[in-house]
Amino acid sequence: MRLRSLTLVAASGAALLAAGVLPAHASDPDPVDPSGAPPASVQEGTVSAADLLAKVTSCSQISNGKYRTDEEASATVPVCGKNGAVFWKADMDIDCDGQRTANCNEDRDPWYQDDTAFHQSDGRPLKAESLPYVVVPSSSTVWNYTGAGIKGGGVVAVVYDGKVEYAVVGDTGPTAIIGEASYATAKALGIDPDPATGGVDSGVTYILFKNSKVSPIESHSAAVSLGDQLARQFLRDN
């Protein structure tokens, strides 16, 4: 995970506008799809976005402090506790780390790293372009994710714009920043997945189910199956 600099992004945008050139995603909402068509709506599993959001309207803060959503932002995001889960509401920056692919590499991502905190069953890094995963802040005095029952491969329900996408905990990031997910997660939710200029500033809810683990971590179908079970249990228990 990289530390996104708002200044860098703004400067890049200004340079493009000064040159009379729009970023690629302005005219092509889905850089992978040559037709330019936006991604289809997502509803994975049987639990609706509205039902999940109804259970996270208030926050019982379990973190010792709050997180920033970007390097230059104020710390405003707490980690909240519920029965069987933790959650936060933040932005979504795009993580393209792990295996090199057509859209996740040094040329496309200024912050690219060729590894992830957690690995596939064959020992290789995860593949951000095709695997929906979420980044959690590295353990610190603010919050220790392992102490809260969150582990690599754990299931996450990511909710945005009326859609639900199941992902896994796939990478760790800075100790003071929160709100990041893989290229594949963003694309599935209809968020611009461009690692340099994409993402969304707010409106994303991340619900992480405690003591869960997808095996193998790279199986998205396994994440959806387990996630649907845990989401239904979450509704019953809260």
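A disulfide is a pair of cysteine sulfur atoms within 2.5 Å. The structure is a predicted model, in which local features need pLDDT of at least 70, side-chain atom pairs count only at pLDDT 80 or more, and totals for chains, interfaces and linings use all residues. Residues are numbered from 1 along each chain as its sequence is written, and side-chain values use heavy atoms, with hydrogens and water left out. A search of the whole structure finds 2 disulfides, and a search for aromatic pairs finds 3.

**Disulfides**

- A disulfide is a covalent bond between the sulfur atoms of two cysteines.
- C59 lies in the loop between α3 (49–54) and β1 (80–82), while C80 lies in strand β1, so the pair ties together parts that are 21 residues apart in sequence.
- C59 counts as partly exposed because its relative accessibility is 39%, whereas C80, at 3%, counts as buried; buried means under 20% relative accessible area, exposed means over 50%, and partly exposed is in between (1.4 Å probe, protein chains only).
- C96 is joined to C104 by a disulfide, S to S 2.0 Å.
- The link of C96 and C104 is left-handed, with -60° about the S-S bond.
- C96 is buried at 0% relative accessibility, and C104 is buried with a relative accessible area of 0%.
- With bonded cysteines counted along the chain, the disulfides follow the pattern 1-2, 3-4.

**Aromatic pairs**

- Rings of Phe, Tyr and Trp (its six-membered ring) pair if their centres lie within 6.5 Å; planes under 30 degrees apart count as stacked, over 60 as edge-to-face and the rest as tilted.
- Among the 3 aromatic pairs in the whole structure is that of W88 and W143, which is edge-to-face, at 5.9 Å centre to centre and 75° between the planes.
- W88 lies in strand β2 (residues 85–95) and W143 in the loop between β3 (133–137) and β4 (155–160), so this pair ties together parts that are 55 residues apart in sequence.
- W88 and W143 are both buried.
- W88 also pairs with Y206; this pair is tilted, with 5.9 Å centre to centre and 35° between the planes.
- Y206 lies in strand β7 (residues 200–209) and W88 in strand β2, so the pair ties together parts that are 118 residues apart in sequence.
- W88 and Y206 are both buried.
- One aromatic cluster is formed by W88, W143 and Y206.

**Chain as a whole**

- The chain has 5 helices and 7 strands; helices (H or I, at least four residues) and strands (E, at least two) are DSSP runs, numbered from the N terminus.
- The order of elements from the N terminus on is α-α-α-β-β-β-β-β-β-α-β-α.
- The chain has 238 residues, of which 50% count as buried.
- Of the contacts (heavy atoms within 4.5 Å) between residues at least 6 apart in sequence, 74% join residues at least 24 apart.
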